[in-house]
Amino acid sequence: MASVSAPAQTAPAPSAPLQRGIVKMVLSGCAIIVRGQPRGGPPPERQINLSNIRAGAMARRAAQGQPEPKDTPDEPWAFQAREFLRKKLIGKEVCFTVEIKTSLGREYGMVYLGRDTAGENIAESLVNEGLATVRREGIRGNNPEQARLCELEDQAKASKKGQWSEGGGTHTIRDMKYTIENPRNFVDSLHQKPINAIIEHVRDGSVVRALLLPDHYLVTVMLSGVKCPTFKREADGAETPEPFAAEAKFFTESQLLLKEGFARCVDWSMAVYTQGAEKLRAAERSAKERKVRIWKDYVAPTANLDQKDRQFVAKVMQVVNADAMVVKMNSGENKTIHLSSIRPPRIEGEEKNKDKDKRFRPLYDIPYMFEAREFLRKKLIGKKVNVTVDYIRAATGPGESTPAFAERTCATVTIGGINIAEALVSKGLATVIRYRQDDDQRSSHY
């Protein structure tokens, strides 16, 4: 992040309008990103550079692909100046005047904390702390703003503040670390303990760049368990946002909530989420039910079922095998129910074995198949259970290596508060089916 050298400016012209915004990001000790108010989408943003002063340039990683790339370190006191502004301004309302706009579109102006110019003058605060120098080229004696900055700089020098202190400021230069040789060992060394970090950049709603403190590792962090719409980079370098990518990015810059429909749960990283995956699942279900944002066209797997057919109490009459049972409905009808998202014990090449050995008996010859069925039989036969239908699995024809299946009603079955599928899995009597990320036909307790 490089600082911006602000040329000396004249005092604000009377006609310069006073504008307001919220500080979203601090690039350096003399450059900030200000956003407007959101109206029907992410708000407009603009970079404002502080007039009449200069702060040190921030460290910058070498551009990849260049011959003999070399990282640029911090200039002395650059990070301290940036942090001074970040702690003072992030998320706060400021007002500003734009005095000059260059041919490249770069804007320079005066920035005040608060809604009017009676608030703290940010440039003056930086100079007063010895964190920025005054650009004195072309200063005219009749400019009270520049005269005030020069006076504050002289006082900072006399008091040996900041960059005017003895020693040259080499101790303020960070030892930046852009790569980690063994990421797995690095993560393990943290022992899943919270670590302080500064969010340097939000790439999209679920990916950020963070500066880990106090050792100054710059890392890319993905939020465990969720994935937001992204910005696709085209061949010409332009970025094309997927639907709601910009909104999700802005939302994360403010505060991430899965239930707002800006992200979807992701199974592969959900496994490492340590703060309660069910909270993420519940938030996603809420967004789906309300059909917000990325779920606006969502159709539930049981959308075509009446409520009485989605949830009901029934009596278990027969246990067919380790994941299926016959229940008797209140109407007197018998219905076969399969447990959602689990697979009973099996062996590879089962069908071939059947062809080769006509005496093959799955219930007794597949390890743990009999134990799994007995577990269900002893727990459920003759008992009333609560059934929540999760999805209807369509009938399938035989494939090269898979048998044909009739249509299946797949459900979550509980008795006395115990989820039967979970009980089977926890005892090693069933395995969990892995799905494609976009496959929504799964257990509501997946």
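## What counts as a pocket

A pocket here is an open set of grid points where a 1.4 Å probe fits, with protein on both sides within 12 Å along at least five of seven lines. With that in hand, let's explore this structure, which is a predicted model.

## The largest pocket

The largest pocket has a volume of about 1700 Å³. Its lining is made up of 44 residues, and those that lie nearest the centre are Val187, Val221, Met222, Leu223 and Ser224. Several elements give two or more residues to this lining, among them the helices α4 (183-189), α6 (267-270) and α7 (277-290) and the strands β8 (197-204), β9 (207-212) and β10 (217-222). The most comes from β10, with six residues.

What kinds of residues line the largest pocket? They divide into 30 nonpolar, eight polar and six charged.

## A sheet of three strands

Now look at the strands. An open sheet is formed by three of them, in the order β8-β9-β10, with antiparallel pairing. Because β8 and β10 stand at the edges and each has a single partner strand, one side of each is left without a neighbour in the sheet. From one strand to the next, the twist averages 25°.

In general, strands of a sheet pair through backbone hydrogen bonds. Between the antiparallel strands β9 and β10 there are six bridges.

Two helices to look for are α1 and α5. Helix α1 (residues 78-89) lies across β8 and β9, at about 75° to β8. Helix α5 (residues 245-254) also lies across β8 and β9, but runs at about 170° to β8.

How values were computed
Residues numbered from 1 in each chain as written. Predicted model: local features only at pLDDT ≥ 70, side-chain atom pairs only at ≥ 80, totals over all residues. Heavy atoms only, no water. 1 Å grid on protein atoms, 1.4 Å probe; cavity = no way out; pocket = protein on both sides within 12 Å on 5 of 7 lines; lining within 4 Å. Points joined across faces, edges and corners; volume = space filled by probe spheres on them. Helix = DSSP H or I, 4+ residues; strand = E, 2+ residues; numbered from the N terminus. Nonpolar A, V, L, I, M, F, W, Y, C, P; charged D, E, K, R; others polar. Pairing = 2+ DSSP bridges. Axes fitted to C-alpha atoms, helices over the stretch in contact; angles between N-to-C directions. Contact = heavy atoms within 4.5 Å.
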